[in-house]
Amino acid sequence: MRILKSNVFWSGLEAAVAAALSFVSAFVIARIVGPAELGVGAAAVAVHILVWVAVNGLFADPLVQRAGLTDEEASSAFWASVLGGVIGVGLQVAAGWAVMAAIGDPRLLAMTLVLAATLPLVGAGGAMQGLLTRQRQYRVLAGRTLLGQGLGTLVGMALAWGGAGAWALVLQQLTTSLGGALALLLGGGWRPRPVLRLAPVLALLRFGAPLVASTLVVNGRYRLFAVLIGGTAGPAALGQVHMAFRLVDTVRELACTAMWRLSLPSLSERQGDLPALRRAVSRLVELSGVVLFPAMGALLVIIDPLVHLLLGPGWAPAATAAGPLILLACYTFLAFPTSVALLARGATLPALASSVATLAIMTAGVLLLRPETPAMAALVWVGAQAVVIPPMLVVNGRILQGSVLALLRPGLPALLLAAAATTAALLVPRALGEPTAPLAVMACRLGVGMSVYIPGALLLLRPSIAAALGSFGFRDRPV
């Protein structure tokens, strides 16, 4: 139990610190450089992150999911991952030319070259990440975030204050990538053997390639979306859209990453026992409901005054666009455990098919509707995913051999209670005469929301809270 609590502590600390650093750097840099420069820097970083995801993840999760693993197999995966980083350099440089042509800023090619140089080291760090997750070494994984993202945040803010403009975002990402990979390699306590065997590499790739393709499409669709918005509406609109996504995705991605690392090893151990796997999924859904739904409701009610306070009235379109993205994130938290369970079972193709379908619908929506405002762009993004959600839920249920509603039901009480508290937080202060100062507005709305959610949680969610507190132990019990 002591080890279990330590794992939860380090994963929670990593998510909390990463969220805080992301929010601080996002607001500070955006306020200093402005929407247009933010859009240019975001375009360069988007290309790098897209290749980074592929290189970092090619062997990370397959090393976790594999039932047995020898040192020779781990070493082969390590060197193959480094080779993948070398290939990624060429891919990123080629993509840099296309982005430069789409956005029309000649600095983008140099920015792409600088970021591409980190990819071989990123590949090495990705393999080490998989081994550390398999061993549940969450303290070392948290160190990657504390060191890499911490240094990157300091560098980015310092350069923004110094007038670097879009380069502040680029060099922030450069520092984060290098620092994070070095933290894993130096802190992992494992050195690969000088061996590269094709057979174990291909065996790992049979699981890893479809998973990386799916992840690449998931991450790539936003990067493509950003480039399309920049080409149709200009860099300033792209900066507003990028900020809206940063406001929401910082919380969503970090929460999902923490849940992924904590749950994938345990769910993989139950991949051959479907009843036990479904029980574990239900407990994770309860955890999502109790912890994350009120957090997203709080973000929804404070987003407007928060952006006004930290960035100024010129960034109001970003706050408006964030609303639909927050609602989409709530669905993500509800369904995310079933997605992890599918991967624990080795089922990677459904996620890939869903991601490709969403990408195609999103691209068609942007090209046909040509959204000119951040809010319209966000609605196109959410609408594309809303089309794909229902059939994907049906597929998930069939693979897990259970009712989708039964799997998601444990999270519905918390979702409905959070929705009621959020509605009250938005309507009651306005009806009674809401203050005008941003801090007072946030305090008033949060106070109303908490006065609804906390008593309701104590009355209605006590079983879910108890399940959430014990969820990481995954003690089997009837659901």
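In which helix is the place of F78? In this predicted model, F78 belongs to helix α3, which covers residues 71-103. With a relative accessibility of 7%, F78 counts as buried, because buried means a value under 20%. Setting aside residues up to four places away in sequence, we find that F78 touches A124, A127, L185, W190 and P192.

A second residue to look for is T118, which sits in the loop between α4 (107-116) and α5 (119-134). T118 is buried as well, its relative accessible area being 2%. If its neighbours within four places in sequence are left aside, T118 is in contact with H48, L174, S177 and L178.

Helix α12 (residues 349-369) packs with helix α13 (residues 374-400) at an angle of about 160°, and their axes are 8 Å apart. Because angles over 145 degrees count as roughly antiparallel, α12 is roughly antiparallel to α13. The crossing of these two helices, α12 and α13, is right-handed. Among the residues that make the contact are P350, A351, I361 and L369 of α12, together with others including W381, V388 and I399 of α13. Taken by kind, the residues of the contact of α12 with α13 comprise 15 nonpolar and four polar ones, with no charged residue.

Conventions:
Residues are numbered from 1 along each chain as its sequence is written. This is a predicted model: local features need pLDDT of at least 70, side-chain atom pairs count only at pLDDT 80 or more; totals for chains, interfaces and linings use all residues. Side-chain values use heavy atoms; hydrogens and water are left out. Helices (H or I, at least four residues) and strands (E, at least two) are DSSP runs, numbered from the N terminus. Buried means under 20% relative accessible area, exposed over 50%, partly exposed in between (1.4 Å probe, protein chains only). Contact means heavy atoms within 4.5 Å. Axes are lines fitted to C-alpha atoms, for helices over the stretch in contact, and angles run from 0 to 180 degrees between N-to-C directions. Angles under 35 degrees count as roughly parallel, over 145 as roughly antiparallel, 65 to 115 as roughly perpendicular and the rest as oblique. A crossing is left-handed if the near helix is turned anticlockwise from the far one by less than a right angle, and right-handed if clockwise. Ala, Val, Leu, Ile, Met, Phe, Trp, Tyr, Cys and Pro count as nonpolar, Asp, Glu, Lys and Arg as charged, and the others, Gly among them, as polar.
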